[in-house]
Amino acid sequence: MLRVLVLGAAAGGGFPQWNSNNEASQRARRGDPAARPSSQSSVAVSADGENWVMLNASPDIRQQINDNHQLHPKIGVRHSPIACVLLTNGDVDHVAGLLTLRERYPLAIYATGRVLEVLRANSIFNVLNPEFVERRSITLDEGFEPRTKDGTGTGLRIVPFAVPGKVALYLEDDAAGDNFGTVEEDTIALRIEDTKSGDYFLYVPACAKLSSGLTSQLDEASLLMFDGTLWQDDEMPVQGAGSKTGRRMGHMSLSGPDGTLAAFADSKVKRKVFIHINNTNPILLSDSPERAAVEDAGWQVAYDGMEITI
Ligand code: MLT
Ligand code: MN
């Protein structure tokens, strides 16, 4: 059995974002039940209910651990059910939480060579004392079992695969042309399988465009968790919240003829959930017409604390 626990459903910035004064953020701050606050993008998964693999480490990780009993220390004076952390890209919303996991606790961090190089090049990540925290490189399209620092297996099999995306914002190279120096290992998706049952789900928190590597695994999947950053490609400029489009940020948007709702309309995947949702996206509001539209199309919108069992 796979347990999938949403720690943070929102994209970078969270909802409400610290400097956002849009109507949705005001409603969230007022405690409006239709505008439920969300922390930043992260999921925990477990095959045994004891050892948890963190998919990304968001800046909100401390609160996410405190809010979810599954991740509370259980044994002795120092303990954590977190066996390891797997990074799908080097974005701030996915790596900054590593800094909270210091304090000489044995952990393993899995990432592509490209993302490990980002951590290596920034000495602040050395607060994760290498004597205690091992960094393990993963290879695209090669399955592996995530393990604790001491080598205990988690009962999961994970296959990382590249999806179209963009290099982390702070690494963009304007001189490198249209793709800002993006390489394949910058944005990965994960196929996460329960080794006992063979059931699997796909975790795709960032994706710029559908690819055959993704669609070929879709119909047999028990669950798809997919990039829900923006409702509409130009929603940030339209709302006056920033100048960038979804395309520019490496995210496909939900609506329109090229959008995610249209792209997955015929897929046979059993369950579809949007995650990594930006604070400008009206699907965060449970009373919006856009939320009704995604639900009519068979999608659910993730929320902090959502638990899915496969
Ligand atoms: C993204 O998902 O596009 C990034 O997290 C944006 C950012 O770094 O703020
Ligand atoms: Mn992000």
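Student: Let's start with the metal. Which protein atoms are the donors of the manganese ion (ligand 2)?

Tutor: Good place to begin! In this predicted model, the protein donors are Asp93 (OD) and His276 (NE2), and they lie 2.1 to 2.2 Å from the manganese ion.

Student: Where in the chain do aspartate 93 and histidine 276 lie?

Tutor: Aspartate 93 belongs to helix H3 (residues 92-95), while histidine 276 sits in the loop between strand S11 (272-275) and helix H9 (289-296), so the pair ties together parts that are 183 residues apart in sequence.

Student: Now ligand 1. Which residues are around it?

Tutor: You will find Asp91, Asp93, Met249, His251 and His276 there. Next, look for polar side-chain atoms beside the ligand's oxygen atoms. Histidine 251 has one at 2.7 Å from an oxygen atom of ligand 1, aspartate 93 has one at 2.9 Å, and aspartate 91 has one at 3.3 Å.

Student: How much of ligand 1 does the protein cover?

Tutor: On its own, ligand 1 has 270 Å² of accessible area, and the protein covers 74% of that.

Student: I also noticed serine 41. Where is it found?

Tutor: Look in the loop between helix H1 (23-30) and strand S2 (42-46). Serine 41 is buried, with a relative accessible area of 0%. Its side chain is joined to that of histidine 94 by a polar contact of 2.8 Å. Among the residues that serine 41 touches are Asp93 and His276, the two protein donors of the manganese ion.

Student: Last one: how do I read a helix with buried residues?

Tutor: Start with the general idea: an α-helix has 3.6 residues a turn, so residues three or four places apart point the same way. Now try helix H4 (residues 113-121), where the buried residues are Val115, Leu116, Val118 and Leu119. Seen down the axis of H4, these fall within an arc of 150 degrees, so they line one face of the helix.

Student: Which residues are exposed on the other side of H4?

Tutor: Those are Arg120 and Ala121. As for the buried residues of H4, what covers them includes strand S5 (107-112) and strand S6 (133-138).

Note on methods. Residues numbered from 1 in each chain as written. Chains lettered and ligands numbered in written order. Predicted model: local features only at pLDDT ≥ 70, side-chain atom pairs only at ≥ 80, totals over all residues. Heavy atoms only, no water. Donors = N, O, S within 2.8 Å, 3.2 Å for Na, K, Ca; no water. Helix = DSSP H or I, 4+ residues; strand = E, 2+ residues; numbered from the N terminus. Buried < 20%, exposed > 50% of the residue type's maximum accessible area, 1.4 Å probe, protein only. Polar contact = N/O pair within 3.5 Å; in protein donor to acceptor, adjacent residues only side chain to side chain. Contact = heavy atoms within 4.5 Å. Near = heavy atom within 4 Å. Areas by Shrake-Rupley, 256 points an atom, 1.4 Å probe, with all protein chains shown as cover. Arc of directions from axis to C-beta.
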